[in-house]
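Please walk through this model with me, from the whole chain down to single side chains.

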Amino acid sequence: MPPSHDAPGVSVGLLTGAAGDFRYALRLLWKSRGISAATLLTLALCIGATAAIFSTVYSLMLKPLPFHEPERIVELYTSAKKAGLDKMPANVPFYLDYSANATSYETLALWTFGQQMFGEDESVVRLDMARATAEIFQILRVQPLLGEFFTKEQNKPGADRVVVLTQSFWRTQFSEDPGVVGREIRLGGENYTIIGVAPRVFEAWDARVKFVLPLSWPPAQENPQGRYGVGLQLFGRLKPGVAAGQADAEAKTMEQRYVEAAPPQVKGFVDRSGMTMNVGGVQEQRVRPVRTTLLMLQGGVAFVLLIGCVNVANLLLVRANARQSELAIRAALGAGRGIIARQLLLESLLLTTLGAALGIGLAWAALKTSNYYLAKMLPQALPATLDLHVLGFAVGLTVVIGLLIGLVPVFHVLRTNLAEVIQSNSRGSSSGRGVRLLSSVLVMTQVAVALVLLTGAGLLIQSFAKALEVNPGFNPQGVVTARIVIPAAHRASPEAADQFQERLRHTLLELPGVTSVALAAATPFQGGLPINAFTLEEDTLPPGSPQPGAFRVQVTPGYAETLGLKMLEGRFYEEADRDPQRRVFVVDESFARKFFPGRSALGGRFAFGPRPEKPEDWPTIIGVVMDVPHNGVEEKSGNPFIYQVVPQGARPGGATLFLRTVRPAEELVPALRAKLKALDPAIFLYDAGSMEKVVGSSFDNRRAVMLLLAAFAGLALFLSSLGIYGVLAYDVSQRTREIGVRGAIGASHGQIVGLILKQGLWKAGVGVAVGLVGALLLSRYMTTLLFGVTPTEPVVYAAVSLVLIAVALIASWLPARRAAKIDPLVALRSE
């Protein structure tokens, strides 16, 4: 019987062998520093990009919200499918009705995001905040870090002067002072008492919010007749065992009962608008606007990773083939194929591990960029981080990549007769042909995948160009815009509000270089406008048509002149039109075309709300202007816009200023700030700048997606060209004797160059053909991201194909030149 100590000896031998292989692998990688560096760079870029995008996808789509049983937290929202509106917030009547009668929820809460002025005198700043009913803290199952949260009794006018801070705001603004509870702060010119601090986890609900105030409302907002007005988000926590689908079915049943008992005009409105109540998981609803974008970016980076892996596998395959003599000698000295395979796999894993380490560093840096764009696309989300789940994903990805790309040269070596390599004392021509064939297939794969990515990027680039070509409907050049908060003293009464607006207009016109001034409730291209249903006096719409609706823009006289709106019919508002007795409207071209087809809209009449009883109560259209995409050029509901003059006695809490000027914005804004301070130091001005920048910023989301996918496509193009070059360069090195013979029997330099170029273009051509099929199949999933472009745009496919062929030609030219310079005598003598 063998002695018991033999087994440990065998284990030590295995470990020693593995350690030796590791040291040998390091020496080999250092010896072939060029290939190693190219491999490491490829892996670092691919793994880094993949980890960065996966971090974002995981943070938003896969990682549960950090609350107790987050799958039970749902949002209740309305939709008007027939009006092109898929998701709209709810309101107070919904909250009261469902709180009293719905059986699916433990509790319901209202929530609304906004801004509020913090501080006083010279230190006033505008901060993001929220108003909510007290149940929001119960829904999220969070406990105060300090103090307490407000109660339902404080969700009433007069009892709502309390505030709960977020932990981040408490840390930055109050230096984590535990004595902050009970202190008074100024918010919007009023005193509020700090009663508590919410823990950091609360900020995962909305990362923008600095503090939360109790939401209160006057009794008039509880009127059931305002049920389908929108403006507040409604959230709930489902009872145990109740699924979101069950709650959604109950909501639709409750709405049907309400409509059946409602007056005929409500029934007609619901039927024509397709108004329904819906219930969905909060995380799903939050991500829905960017879900397609995230999945496309994840797919794009996966394609880049695939190209990188194919490229590295190709490099390792060529490297292993070049080492056949060395591996054959090791086999002759007693190394088994398993040991040789282990050596090759170890080298592959070592390369991928080092590449992954570099890639994680790149991912950490790339996250800063992706989080910048994430904050624009989904501002309420916390920044994505490289947490343990992402690092675990990177480690697993590294192992898988290392094994996959290592198996390619391993299989090649296992299929090679190493004894014949020694006997022939050659490079193994038959083996070389097999390697060239496999390498060619890998290159074709790279080209095909690169074409798919380039096509996606090309479609987005053309969409971006189409979006920029849209006529804004006004002239943003020479317009400066800014927003102001109007102090309470200037809106204490209708008379005070009118006097302030008049003084403000004259003050702004006093600025040198300003030729006209206007105020409005919103800024073009920035969205956020409410949609309102209306009734036409002469309803010529076909039976079953959707309920007429339009976005409403409140403006002052001078708006058309200041922004340079083009009048198509009639006139714009004059000062006399502010008289509430004068019921007039200005509409845009889409409104006129949709509701007054084939005739002039001037003199047409419509009204918001119920149908007027008296003919003289119908407002009349006095003008038609060219379309202005106030909600951005990609607004898809198809609803037109109505301009409504700000009536006398209106008391807005803020306004957007527009100034047409011959001075640059950088010069005018300081003067504007000083002028307003002289008018009233309490006026707060923000978001000041040129209108051209405002229009440009509306394309930030599309620009971000386009640039990211274009970066992936550019990387794919580079890797593909590198793959073509590497394969042809290796091919030339393996065929030195053949090329020498061709030269010796009379082949010209041009013929030899043509031979190599033909091989490179043939590989690229096959890859392009396969890639075109893949692009046609996959691009249809990009439809929602495209603007003014179809997924089968022939110009894009042709341009992308030509770019890839041109790159392949350049990548093939360098090895072709090298082949043409081979001296036949030297080549034959070396053999």
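This is a predicted model: local features need pLDDT of at least 70, side-chain atom pairs count only at pLDDT 80 or more; totals for chains, interfaces and linings use all residues.

The protein chain has 24 helices and 22 strands. Of its 831 residues, 51% count as buried. Take the contacts with a separation of 6 or more: residues 24 or more positions apart account for 82% of them. The chain exposes about 37800 Å². Carbon and sulfur atoms supply 60% of that area.

Turn to the cysteines. A disulfide is a covalent bond between the sulfur atoms of two cysteines. How many disulfides does the structure hold? The count is zero. Cys 46 shows why: its closest cysteine sulfur, in Cys 309, is 6.8 Å away, too far for a bond. The cut-off for a disulfide is 2.5 Å between the sulfur atoms. Seen from Cys 309, the closest cysteine sulfur is that of Cys 46, again at 6.8 Å. Cys 46 counts as buried because its relative accessibility is 2%. Cys 309 has 16%, so it counts as buried too. The threshold for buried is under 20%.

Next, the aromatic rings. A pair of aromatic rings is described by the distance of the centres and the angle of the planes. The structure holds 37 aromatic pairs. One of them joins Phe 464 and Phe 699, with ring centres 6.1 Å apart and planes at 80°, so the pair is edge-to-face. The pair links distant parts of the chain, 235 residues apart. Phe 464 sits in helix α14 (residues 429-469). Phe 699 lies in the loop between α19 (691-697) and α20 (700-734). Both Phe 464 and Phe 699 are buried.

Elsewhere, aromatic residues form a cluster. Its members are Phe 67, Trp 111, Phe 137, Phe 149, Phe 150, Phe 202, Trp 205 and Phe 235.

Now look at helix α5, residues 167-174. Which of its residues are buried? They are Gln 167, Ser 168, Phe 169, Trp 170 and Phe 174. Just after α5, Ser 175 takes a positive phi of about 50°.

Finally, the surface. Val 400, Leu 404, Leu 407 and Phe 411 form a nonpolar patch there. Together they have about 360 Å² of accessible area. Leu 407 belongs to helix α12 (residues 388-415). An α-helix has 3.6 residues a turn, so residues three or four places apart point the same way. Is Leu 407 buried or partly exposed? Its relative accessibility is 30%, so Leu 407 counts as partly exposed.

How values were computed. Residues are numbered from 1 along each chain as its sequence is written. Side-chain values use heavy atoms; hydrogens and water are left out. Patches are made of residues with over 30% relative accessible area and no salt bridge: like charges are joined within 9 Å, nonpolar side chains (Val, Leu, Ile, Met, Phe, Trp, Tyr) within 5 Å. Accessible areas come from the Shrake-Rupley method with a 1.4 Å probe; for residues, only the protein chains shown count as cover. A salt bridge is a side-chain nitrogen of Lys or Arg within 4 Å of a carboxyl oxygen of Asp or Glu. Helices (H or I, at least four residues) and strands (E, at least two) are DSSP runs, numbered from the N terminus. Buried means under 20% relative accessible area, exposed over 50%, partly exposed in between (1.4 Å probe, protein chains only). Contact means heavy atoms within 4.5 Å. Rings of Phe, Tyr and Trp (its six-membered ring) pair if their centres lie within 6.5 Å; planes under 30 degrees apart count as stacked, over 60 as edge-to-face and the rest as tilted.
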